[in-house]
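User: I'm new to reading protein models. Could you walk me through a few features, one at a time?

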Amino acid sequence: MAFSVVLEDEGHTVCRLLLFTDVTNAAEVRKLILSGQVEASLVKPQMVVEPFQLVVAANRAVRAQAANKMTTRSLYSEVIFNLSTKKNVGNALKTFGLGEADTETLAVVLGSEGEVDARVEKITGQVKGKTTALSELSGLTQEAQVRELYKVTEEELVTGSLLEAVVSRMACRDFLSL
């Protein structure tokens with residue numbers, strides 16, 4: 001049910017994605033996040049087009065950490081920040097991070113193979129919800145909301161995909177102000 005990929009950093013960090021549905025304790029999990037007890041980025045699946053979008057954000061976060069150039073205080077908040085087109089960390093966390101009333105979330109877990117396995121086990125114990133196949137993500141994505149947030153036009157979608165438009169905006173955040 002989990003999606004796993006090895007990132008392009010020197011440590012060959014493993015990035016594992018888990019989709020949770022029917023989550024009943026989002027407010028409780030948010031408190032755990034704020035107290036530093038959650039070792040994962042918990043993202044609103046409504047704002048994710050495809051898993052590749054999260055892999056790009058995670059890869060960028062791991063590279064920023066290695067270069068000591070993170071904008072946020074933790075690797076996991078850096079992943080969420082990297083999904084945004086804006087440079088405002090609070091806005092990124094509010095837009096992409098787990099909300100108190102959310103009933104679905106996507107967990108991004110990073111580390112070595114052994115670390116990831118332990119962290120996945122921990123997060124599945126913290127989130128009270130059903131682990132769902134990542135293939136169900138497309139049914140949760142709010143395409144109109146994503147297009148509005150990333151300012152994707154109809155003309156762009158004629159020549160490329162929504163994923164391509166979103167990832168290019170994420171990658172260009174430091175150079176563009178939308």
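Predicted model: local features only at pLDDT ≥ 70, side-chain atom pairs only at ≥ 80, totals over all residues.

User: How many disulfides does the structure hold?

Analyst: It holds zero disulfides.

User: Okay, and how do I read burial? Is Cys15 buried or exposed?

Analyst: Buried means under 20% relative accessible area, and exposed means over 50%, with partly exposed in between. Cys15 counts as buried because its relative accessibility is 0%. Cys172 comes out at 29%, so it counts as partly exposed.

User: What about aromatic pairs? How many are there?

Analyst: Ring planes under 30 degrees apart count as stacked, over 60 as edge-to-face, and the rest as tilted. There's one aromatic pair here. Phe96 and Tyr150 form it, with 6.2 Å centre to centre and 50° between the planes, so it's tilted by that cut-off. The pair links distant parts of the chain: Phe96 sits in helix α4, while Tyr150 is in the loop between α7 and α8, 54 residues apart. Both Phe96 and Tyr150 are buried.

User: And pockets? Which residues lie nearest the centre of the largest pocket?

Analyst: A pocket is an open set of grid points, and its lining residues have an atom within 4 Å of a point. In the largest pocket, Ile33, Leu34, Ser74, Ser77 and Leu93 lie nearest the centre, out of 16 lining residues. Its volume is about 450 Å³, and the lining divides into nine nonpolar, five polar and two charged residues.

User: Which element gives the most to the lining of the second largest pocket?

Analyst: That's α2, with six residues. This pocket holds about 180 Å³ of space.

Notes. Residues numbered from 1 in each chain as written. Heavy atoms only, no water. Phe/Tyr/Trp six-rings, centres within 6.5 Å; stacked < 30°, edge-to-face > 60°. Helix = DSSP H or I, 4+ residues; strand = E, 2+ residues; numbered from the N terminus. Buried < 20%, exposed > 50% of the residue type's maximum accessible area, 1.4 Å probe, protein only. Disulfide = S-S within 2.5 Å. 1 Å grid on protein atoms, 1.4 Å probe; cavity = no way out; pocket = protein on both sides within 12 Å on 5 of 7 lines; lining within 4 Å. Points joined across faces, edges and corners; volume = space filled by probe spheres on them. Nonpolar A, V, L, I, M, F, W, Y, C, P; charged D, E, K, R; others polar.
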